[in-house]
Amino acid sequence: MTILNLTQHKANAAQKHAGVFEPANKAIVEELLTFTTIPSKEDLHRRAKALANVVSKFENHRGSVMIGGAPYLMPYLEDALSEVGCRAVYAFSLRESVEETLEDGTTIKKSVFTHLGFVEA
C-alpha cells in the first residue's frame, strides 16, 4: 500500500516503511496547510480543494492520503479528498515520555513518538 504524505512534516522511517511517500511539490502542500490569520469557511474550502488537486492532478494519486494539521481544516480536506477518489488516514503514534539526567544534575524530558499504524477518517 502506498500513502501520500499530505502533512507539514516529513514522514519518519517507520511511516516510510509502511508505504508513506512525500509529494514532489511539498512546498505547495506546506503553504496550503499554514494559516497566519483566522480562515473563513470559503478559505477552508478553497485550500482543501487545492490540496485535493495536488493529490489528483500533480501526484496522479488515487489511494490513501495521510493528513493532519489544523483540526478546523481536516473535515474539509477529508471531503475534498473523497471527491477525487482518495481515502484520508491519520497517523497513529504511541507517545512516551523519556527523561535523561545530565552530568550537572539537570533533567531533560523528551516525548518519543512511535508510529503504530493508521486510522481511517
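This is a predicted model: local features need pLDDT of at least 70, side-chain atom pairs count only at pLDDT 80 or more; totals for chains, interfaces and linings use all residues.
The largest pocket comes to about 330 Å³ in volume, and S4 gives the largest share of its lining.

**The largest pocket**
- Sixteen is the count to remember here: 16 residues line the largest pocket.
- His 9, Gln 15, Met 66, Ala 91 and Ser 93 are the lining residues that lie nearest the pocket's centre.
- Two elements give two or more residues to that lining, namely strand S3 (64-67) and strand S4 (87-101).
- S4 puts in four residues, the largest share of the lining.
- If you sort the lining by class, you get eight polar, six nonpolar and two charged residues.

**Helix H2 (26-33)**
- The buried residues of H2 are Lys 26, Val 29, Leu 32 and Leu 33.
- Those four sit on the same side of H2, because they cover an arc of only 125 degrees around the axis.
- Residues three or four places apart in an α-helix point the same way, because there are 3.6 residues a turn.

**Helix H4 (74-83)**
- On H4, the buried residues are Met 74, Tyr 76, Leu 77, Ala 80 and Leu 81.
- Look down the axis of H4 and these residues fall within an arc of 155 degrees, so they line one face of the helix.
- Strand S1 (3-6), helix H3 (41-58), S3 and S4 are among the elements that cover the buried residues of H4.
- After H4 comes Gly 85, which has a positive phi, near 85 degrees.

- Leave out residues up to four places away in sequence, and Ala 121 touches Glu 78, Ala 88, Val 89 and Tyr 90.
- Ala 121 and Leu 81 are 40 residues apart along the chain, with 11 Å between their C-alpha atoms.
- Leu 81 is also one of the buried residues of H4.

Terms used:
Residues are numbered from 1 along each chain as its sequence is written. Side-chain values use heavy atoms; hydrogens and water are left out. On a 1 Å grid over the protein atoms alone, a cavity is a set of points where a 1.4 Å probe fits but cannot get out, and a pocket is an open set with protein on both sides within 12 Å along at least five of seven lines; lining residues have an atom within 4 Å of a point. Grid points are joined across faces, edges and corners, and a volume is the space filled by probe spheres set on the points. Ala, Val, Leu, Ile, Met, Phe, Trp, Tyr, Cys and Pro count as nonpolar, Asp, Glu, Lys and Arg as charged, and the others, Gly among them, as polar. Buried means under 20% relative accessible area, exposed over 50%, partly exposed in between (1.4 Å probe, protein chains only). The arc is that of the directions from the helix axis to the C-beta atoms. Contact means heavy atoms within 4.5 Å.
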